[in-house]
Amino acid sequence: MENRIDFLLLHSYTCYGHKKWGEAMSSKKIGRPPSENPKSELIRVRADQAILSMLDACTEKLNTTRSDVIRKGIKKVYDDLQK
């Protein structure tokens, strides 16, 4: 902590040591807790307009995201192959 005096306005300020750019943050973080199963892998898929239309129809009917519909489809195909 350091005290500074502004001679133009005749005020005294107390400066508490703010972190400088690049310093490590404290161990306690604010925000959403980490996921048990993070989805960190990204897959790009080429699709024609017909497939995208079907995918969007599924998302509207199931009220979910494109990614979730694709994950469910992969699980369904995988389960069918295991039989």
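This is a predicted model: local features need pLDDT of at least 70, side-chain atom pairs count only at pLDDT 80 or more; totals for chains, interfaces and linings use all residues.

Residues are numbered from 1 along each chain as its sequence is written, and side-chain values use heavy atoms, with hydrogens and water left out.

Two more terms. A salt bridge here is a side-chain nitrogen of Lys or Arg within 4 Å of a carboxyl oxygen of Asp or Glu. Helices are DSSP runs of H or I with at least four residues, strands are runs of E with at least two, and both are numbered from the N terminus.

How many salt bridges does a search of the whole structure find? It finds three.

I start with Arg66 and Asp56, which form a salt bridge with their closest N and O atoms 2.9 Å apart. This pair links distant parts of the chain, since Arg66 is in helix 2, residues 66-82, and Asp56 is in helix 1, residues 49-62, 10 residues apart. Arg66 has 40% relative accessibility, so it counts as partly exposed. Asp56, at 27%, is partly exposed too.

Now to helix 2. Asp68 forms a salt bridge with Arg71, and the closest N and O atoms are 4.0 Å apart. Both residues lie in helix 2, three residues apart, or about one turn of the helix. Asp68 also pairs with Lys72, where the closest N and O atoms are 3.7 Å apart. Lys72 and Asp68 are four residues apart in helix 2, so about one helical turn separates them. Together, Asp68, Arg71 and Lys72 are linked in a network of salt bridges.

Arg71 is partly exposed at 33%, and Lys72 is partly exposed at 43%.

Last, helix 1. The expected span of a helix is 1.5 Å times one less than its number of residues. Helix 1 has 14 residues and should span 20 Å, which agrees with the 20 Å between its end C-alpha atoms. Just after helix 1, Asn63 takes a positive phi of about 55°.

Notes: Buried means under 20% relative accessible area, exposed over 50%, partly exposed in between (1.4 Å probe, protein chains only).
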